[in-house]
Amino acid sequence: MKDLIILVADQNMRDCIGGLIPRFQHIFAISPINFDIFVHTNRDPGCRTQSSDFLKAFQKKYRYSLIIFDKEGCGKESLSRTELEAEVERSLSCNGWANRSKAIVIDPELENWIWIKSRKLAEVINWKNTESLYQWLAEQGYMDSNSLKPNSPKEAFEKALYISKKRRSSSIYKQIASQVSFKSCSDLAFLKLKETITNWFSS
């Protein structure tokens, strides 16, 4: 039996999570995790409504399961992040994953984890430095002086890649997840992911 199966909404999320899990192991001194990541063909709505069906065949092959998707585009944006998570977790609990599965819903989308004031982030996306990157975000109206992250994180990230002439690729997400420090990340979905992994696998 393997440790963990992770169901995500797209390739960008797959590469981001694939870069984060090994870092969690190192930073938090948790036990080595034998994990697999699968991408749902129906993306965010599929993760929200079909994760129990997808994971049914894996109940005896993995100790734990994680479902991760964006709130934006999931088809039920009127619900809060926590309501969506509870909905998915109830379904999983009724289908063989009781007490060993969690849903992580990112509000509004994965790129909310990307925007951390970090020299490494600027380097990965070929930007001159962190200060000029965040100055550009303010000038473009993506965030104001009271904001920690852009209002439209995905749009801002894709525009920044275009401006810096960095080719869009899911591997960028793995680079960021592998290199950028997430110590200051205050996103609630990210904190739930970190807490879940450390609770399950802390030695």
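Predicted model: local features only at pLDDT ≥ 70, side-chain atom pairs only at ≥ 80, totals over all residues.

Contact here means heavy atoms within 4.5 Å. The buried positions of H9 are Ala189, Phe190, Lys192, Leu193, Thr196, Ile197, Thr198, Trp200 and Phe201. At its start, a side-chain oxygen of Asp187 comes to within 3.0 Å of the backbone nitrogen of Ala189.

Leu193 and Ile197 also belong to the largest nonpolar core, which has 66 residues; they are listed with Ile17, Leu20 and Trp113 as having the most contacts inside it. Beyond its neighbours within four places in sequence, Ile17 touches Ile6, Val8, Ile37, Ile68, Trp113 and Leu193.

Side chains of opposite charge can pair when their charged atoms come close. The model has 13 salt bridges, including these:

| Pair | N to O distance |
|---|---|
| Lys2 and Asp36 | 2.8 Å |
| Asp107 and Lys71 | 4.0 Å |
| Glu123 and Lys120 | 3.7 Å |

Lys2 lies in strand S1 and Asp36 in strand S2, so this pair ties together parts 34 residues apart in sequence. Asp107, in the loop between S4 and H4, and Lys71, in the loop between S3 and H3, are 36 residues apart. Asp107 is partly exposed at 36% relative accessible area, whereas Lys71 is buried at 14%. Glu123 and Lys120 are three residues apart in helix H5, and therefore about one helical turn separates them. Salt bridges with shared partners also join Arg81, Glu85, Glu89 and Lys192 into one network.

Terms used:
Residues numbered from 1 in each chain as written. Heavy atoms only, no water. Core = buried A, V, L, I, M, F, W, Y, C linked by side-chain atoms within 4.5 Å. Buried < 20%, exposed > 50% of the residue type's maximum accessible area, 1.4 Å probe, protein only. Helix = DSSP H or I, 4+ residues; strand = E, 2+ residues; numbered from the N terminus. Polar contact = N/O pair within 3.5 Å; in protein donor to acceptor, adjacent residues only side chain to side chain. Salt bridge = Lys/Arg side-chain N within 4 Å of Asp/Glu carboxyl O.
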